[in-house]
Structure formats: structure tokens, C-alpha cells
Amino acid sequence: MNRILIIKLGALGDFIQAFPCFQAIRTAFLKAEISLLTTAPFASLGQAAPWFDNVMIDARPRWTDLRGLAHLRTQLRGFDLVIDLQTSGRSTRYHALAGSPRWSGLVRDDPFFHANPWRDEMHTLARQADQLRYAGIPACDSADISWLTSTPLQARAASPYIIIVPGAARHRPEKRWPIEKYAALACALKQQGLQILIIGTATEKPLAREILRHCPAARDMTGETRLTELATLMKGARHVVGNDTGPMHLAAMAGTPATVLFSSDSNPALTAPVGRRFGQVTVLRAADISAIPVETILASCGKTL
């Protein structure tokens with residue numbers, strides 16, 4: 001294979017969980033030119049990673065946008081193999097735009113079709129590794145992200161510190177542990193002599209402000225860390241607590257002890273962050289996420305403090 005295209009569009013947690021596959025593909029094809037097609041929020045991560053020679057941005061044009069589709073067609077053409085790690089209905093349709101090259105994914109008449117009937121019952125990491133095996137690519141158990149965890153920080157944090165990730169997808173509020181409970185958690189951890197860092201996107205500043213209203217000694221870092229800096233910050237933390245959201249996958253991959261909170265809205269058996277060692281990640285789940293007590297999370301944090 002001389003030219004390989006990998007498709008992985010997002011979201012953040014999904015992109016991070018593809019890291020072992022990215023590394024496996026690069027290891028299997030050391031001399032190939034490997035390109036990544038992703039969406040704009042993850043282009044900087046792709047460009048910083050050692051696995052790709054080129055990174056292209058998928059603008060996700062509407063199917064009625066002929067000019068946009070023509071550009072996408074140009075991006076997709078000329079590859080000997082396309083590895084579709086997105087495996088969505090949309091990305092599968094890219095097969096025709098790409099000129100029907102050899103395709104690892106859900107194109108049924110392709111020899112690399114991921115035909116495992118249980119694929120939708122598998123954890124994301126296991127499913128993607130299994131997809132690669134169907135294409136004859138040896139899986140990689142974990143990814144080396146030293147290139148990411150050594151990224152210099154613009155905003156340094158005092159040590160020891162704990163990171164709180166109170167946000168989640170805005171359109172899925174049922175995935176968010178109540179902000180007043182995060183505030184109580186921050187206060188309790190602060191009393192143990194720990195610095196509390198609140199991270200998230202700039203749109204999550206109102207959540208940080210609510211925590212600071214109860215725990216003014218906490219530090220609001222929402223909107224202050226680029227994705228390429230976040231892993232370094234995560235790696236230096238004593239513990240990370242957060243909802244089922246992208247940064248928690250980065251904490252797990254960085255090797256940091258983490259407590260992840262799930263509601264019945266998502267299934268940790270399919271999507272939970274997976275750490276680098278046994279016991280690193282604790283998953284707490286309740287049908288109503290607000291039912292998880294502060295004391296239970298304090299006990300989880302206490303195992304590593």
C-alpha cells in the first residue's frame with residue numbers, strides 16, 4: 001500500500017479512542033503515505049501526532065452542495081486503501097465518492113468489510129481493533145502519547161491538583177452530574193489541601209462560575225487549554241473527575257487516575273474510558289446521574305490521593 005486514508009471525524013472522545021488504531025496502522029505501513037480526514041476541531045491533534053503525513057479537513061458538505069461534494073471527492077480520491085474508523089452512514093457513502101477503492105469499514109462487497117455480527121455490542125476500542133484485524137492489520141493495545149503529554153503548557157498549575165470536568169454535550173443534559181454537587185466536591189477536596197482546576201470549553205464557563213461561587217479558591221481554566229496542551233495537564237493531576245465526555249478519555253490514556261460518571265443515557269460497556277492499568281479508571285453509574293452521592297466520589301478519589 002503506497003497511499004492510505006484514515007477517516008475519523010469525531011467527537012473528541014471517539015477521536016481519542018482511535019489513537020491505538022492510528023498507531024497500529026502506522027506501524028503496519030511504515031513506508032506508506034498516510035493521510036487523515038477529520039473535522040476542524042481535531043485537525044491540530046492530527047497534525048501534532050506522529051502517525052500522519054497529511055491532515056485534511058472534512059467540511060461535511062450537505063448532499064445537495066455540489067461544489068462542496070466536488071471538493072470532498074477530490075480529497076477522497078487517489079488512495080490504495082481507505083480505513084473508515086467513523087463507520088457512520090455518512091462516511092460509508094464516501095466509498096462511492098472515493099471511486100470505490102479497497103475499503104476497511106462497512107462496505108459489504110469489500111473484502112475488508114467488518115462482518116462481525118456483534119460489532120455494535122463491542123466496546124469502541126475492541127470494535128475498532130477487530131475492524132483492523134479483518135483488514136489484516138495487527139491491533140495495538142495502547143497508543144504512545146508521549147508526543148502529546150510533553151506539550152508545554154501556557155498556563156501552569158500548582159501541584160498537587162485535581163481536575164474537575166463538569167461539562168458534557170450541551171444537547172444531553174442528562175449526562176451531567178449536578179453542578180451544585182461538583183461545587184460540594186470541590187470544597188471537600190480543597191479542604192484536603194488540593195488545588196482544584198476546572199477545565200472545559202469556553203461555553204462551559206457558567207459551570208465553572210457556579211463552582212467558584214461556592215469554592216472561590218478553585219481555578220477556572222475553561223477555554224484556556226488547547227487540545228494539544230490538555231494531555232500534559234491531565235498527566236500531572238492526582239485525579240480527574242468528570243462526566244462521560246471527551247477529556248475523560250484523554251485522562252485515561254494519559255495514565256491518570258480518573259472517576260467517570262455515567263447516567264442511563266450512555267452505556268459504559270461500549271464507551272467508557274479505558275485506562276492503562278487495572279483500577280486506574282473508576283466508572284460510577286446511576287440511571288439518574290444526580291443520585292450519585294458526593295461521598296462516593298470522594299471515596300473514589302481517596303484511593304489515589
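## A walk through the predicted model

Let's begin with the cysteines: a search of the whole structure finds 0 disulfides, a disulfide being a pair of cysteine sulfur atoms within 2.5 Å. What you are looking at is a predicted model, in which local features need pLDDT of at least 70 and side-chain atom pairs count only at pLDDT 80 or more, while totals for chains, interfaces and linings use all residues. Residues are numbered from 1 along each chain as its sequence is written, and side-chain values use heavy atoms, with hydrogens and water left out.

The sulfur of Cys-140 has its closest cysteine sulfur in Cys-21, 8.7 Å away, which is too far for a bond. Cys-301 is in no disulfide either, as the nearest cysteine sulfur, that of Cys-215, is 13 Å away. Cys-301 is also buried, with a relative accessible area of 0%; buried means under 20% relative accessible area, exposed over 50%, and partly exposed in between, using a 1.4 Å probe and protein chains only.

Now turn to the sheet. Helices (H or I, at least four residues) and strands (E, at least two) are DSSP runs, numbered from the N terminus, and two strands pair if DSSP finds at least two bridges between them. Strand β1 (residues 3-7) pairs with β4 (residues 81-84) in the parallel sense over 4 bridges, and Ile-6 has Ile-83 as its bridge partner in β4.

Within α5 you will find His-95, which is buried at a relative accessible area of 13%. Leaving aside its neighbours within four places in sequence, His-95 is in contact (heavy atoms within 4.5 Å) with Ser-100, Pro-101, Trp-103 and Val-107.

Next comes helix α8 (residues 179-190), whose 12 residues reach 16 Å from first C-alpha to last, close to the 16 Å expected at 1.5 Å a residue; that expected span is 1.5 Å times one less than the number of residues. Its buried residues include Ile-179, Tyr-182 and Leu-185. The buried residues of α8 pack against several elements, among them β6 (161-165), α9 (205-214) and β10 (258-262).

Strand β10 is the place of Leu-261, which counts as buried at 0% relative accessibility. Not counting residues up to four places away in sequence, Leu-261 touches a set of residues including Trp-177, Tyr-182, Leu-284 and Ile-292.

Finally, consider the nonpolar cores, sets of buried Ala, Val, Leu, Ile, Met, Phe, Trp, Tyr and Cys residues joined through side-chain atoms within 4.5 Å. The largest has 55 residues, and those with the most contacts inside it are Phe-19, Phe-22, Ile-163, Leu-233, Met-234 and Val-240. Apart from it lies another core, of 25 residues, among them Leu-185, Val-241, Leu-284 and Ile-292.
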